[in-house]
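Open the model in your viewer and keep the sequence panel beside it.

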Amino acid sequence: MLDMSYQGKEFPPFTYKIEASKIRELCAAIGDDNPIYFDSNAAVKEGYKDTPAPLTYPTQVNFWGYPEIWDRMTEVGIDIKRLLHAKEEYEYFQPVYPGDTITGTVCVDSMRDSTMQMVTFKSTLSRDGETVCIAKMTIVVPPSEGGK
Amino acid sequence: MAPKFDSLETGTMLPEMTTEPVTQLHLIKYAGASGDFNPIHTIPEYAKEAGLDGTIIHGMYVMGVMGKMLSDWAGNKNIRKYGVNFKAMTKPGAVLTAGGEIKRKYEDDNGKKLINLKLFVKDETGDVKLDGKAVVECE
C-alpha cells in the first residue's frame, strides 16, 4: 500500500557535477556517436559552449546524484521488485555542460493507489539558482496475482 | 542549427535510425553509465526470480536510442520538451528502429516557431516499445 501522506512531499536537495567523461559514457552506452558529445571542438562548431549533456542526462543526474531514490520509493510504499517504468518526461530550459554543478530536488508530484499503483516523481534541476530542466518519472506497480 | 520552420510540413516523417542488436553487454554498460543498477536488467537469475524469463532492456536505454534519432535531426539545444510512454518490455537481442513524424507547426505567444513531433521505437517484428513526443524550436 502506498503511504498517501507523501503526496507533494519534497526530499532534501542533492548536487551533482556534470563531467565530460560521464557524458561520453552515457552516449557511448546508448550508441549515440554524434561528435558533439565527444569532442568539444565539434560541439563549438555546432554552436555549443562545450560537449552538451544528451537528452536523457537527467536520469544520470538522478541515479548518480540521488541513489537514495530507491529507498525513497520503498518509503513511499512501492514494491521496487515489481515496479514498471511507465513514463518519462523532460522540459529543457538551458543546455547543460561539463563543469556545471546541478542542484536537484525530487518531490512526489502525484500518487494514485487503486488496483494499479502509480507514482510520479518530479526532479527540478537547477544551476546557479536557475532551473535548467524539469524531469518527471512515472512508475506503476501492477496488481499482484490474487489481489493485493 | 535548428530545423528551418518554413521548409517543414506537417505529416513529414523523420529519418529513421536502426540499432545493431542490443546485447547484455550494452545493458551492463548502460547500468554503469546511467546509475540504474536494478539487477532485472543485468542479472538473469534475478530477472527470473522477478517472474521474467530473462533480463529486459532498460526503458531509459530505449529512450536514449529515440533521443539520438531526435537530437541528430533537431539539434540537442533546440529541443524544448521530450517525453515518452513505455509500451512494452524489450529483451536483449532486439534490433530497434526509431522514427517520428511532424504533427503540428505553430508559433507560440512569444512568437517562437515550434513544431510538435510524434515519435516511436519499434523492434524488428514491428512491436512498438515506446511512444514519444517532442517540442522543437525552429528558426
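A salt bridge here is a side-chain nitrogen of Lys or Arg within 4 Å of a carboxyl oxygen of Asp or Glu. Buried means under 20% relative accessible area. Keep both cut-offs in mind for the stops below. Note too that this is a predicted model.

**Stop 1: a buried aspartate**

Select B:Asp36. Find this residue in the loop between helix H1 (24–34) and helix H2 (44–49) of chain B. Which side chain of opposite charge is nearest to B:Asp36? It is A:Lys22, 12 Å away. B:Asp36 is buried yet has no salt bridge. Now show its contacts beyond four places in sequence. From chain A come A:Phe63 and A:Trp70; from chain B come B:Ala31, B:His41 and B:His58.

**Stop 2: the lysine on its own helix**

Go to A:Lys22. Its side chain meets that of A:Glu25 in a salt bridge, 2.8 Å from N to O. Both residues sit in helix H1 (residues 20–30) of chain A, three residues apart, about one turn of the helix. In an α-helix there are 3.6 residues a turn, so residues three or four places apart point the same way. Color the pair by accessibility. A:Lys22 counts as buried at 14%, while A:Glu25 is partly exposed at 33%.

**Stop 3: across the chains**

Select B:Lys68 and A:Asp32. Their side chains form a salt bridge, 3.3 Å from N to O. This pair crosses between chains: B:Lys68 is in helix H3 (residues 59–74) of chain B, and A:Asp32 is in the loop between H1 and helix H2 (40–45) of chain A. Are the two partners buried or exposed? B:Lys68 is buried, at 7% relative accessibility. A:Asp32 is buried as well, at 2%.

With A:Asp32 and B:Lys68 they are linked in a network of salt bridges.

Next, pick A:Lys81 and B:Glu49. Their closest N and O atoms are 3.6 Å apart, in a salt bridge. A:Lys81 lies in the loop between H4 and strand E2 (84–92) of chain A and B:Glu49 in helix H2 of chain B, so this pair also joins two chains. A:Lys81 is partly exposed, with a relative accessible area of 35%. B:Glu49 is exposed, at 60%. Over all chains the count comes to 15 salt bridges.

**Stop 4: helix H4 of chain A**

Select residues 69–76 of chain A, which make up helix H4. Its buried residues are A:Ile69, A:Trp70, A:Arg72, A:Met73 and A:Val76.

Then step past the end of the helix. A:Gly77 follows H4, with a positive phi near 110 degrees.

**Stop 5: two loop residues**

Select A:Asp128, in the loop between E4 and E5 of chain A. Check its backbone: phi is positive, about 50 degrees, although the residue is not a glycine. Most residues other than glycine have a negative phi. A:Asp128 is exposed, with a relative accessible area of 78%.

Now jump to B:Thr19, in the loop between strand E1 (17–18) and H1 of chain B. B:Thr19 is buried, at 18%. Beyond four places in sequence, B:Thr19 touches B:Val65, B:Val95 and B:Leu96.

**Last stop: zoom out**

Show both chains as cartoons. Chain A has four helices and five strands, in the order β-α-α-α-α-β-β-β-β. Chain B has three helices and five strands, running β-α-α-α-β-β-β-β from the N terminus on. The C-alpha trace of chain A spans about 55 × 30 × 20 Å along its principal axes. For chain B the span is about 55 × 30 × 20 Å.

Switch to a surface view. Of the 148 residues of chain A, 48% count as buried; of the 139 residues of chain B, 52% do. Chain A has an accessible surface of about 7,000 Å², 50% of it from carbon and sulfur atoms. Chain B exposes about 6,400 Å², with 51% from carbon and sulfur atoms.

How values were computed: Residues are numbered from 1 along each chain as its sequence is written. Chains are lettered from A and ligands numbered from 1 in the order in which they are written. This is a predicted model: local features need pLDDT of at least 70, side-chain atom pairs count only at pLDDT 80 or more; totals for chains, interfaces and linings use all residues. Side-chain values use heavy atoms; hydrogens and water are left out. Buried means under 20% relative accessible area, exposed over 50%, partly exposed in between (1.4 Å probe, protein chains only). Accessible areas come from the Shrake-Rupley method with a 1.4 Å probe; for residues, only the protein chains shown count as cover. Lys and Arg count as positive and Asp and Glu as negative; His and the chain ends are not counted. Contact means heavy atoms within 4.5 Å.
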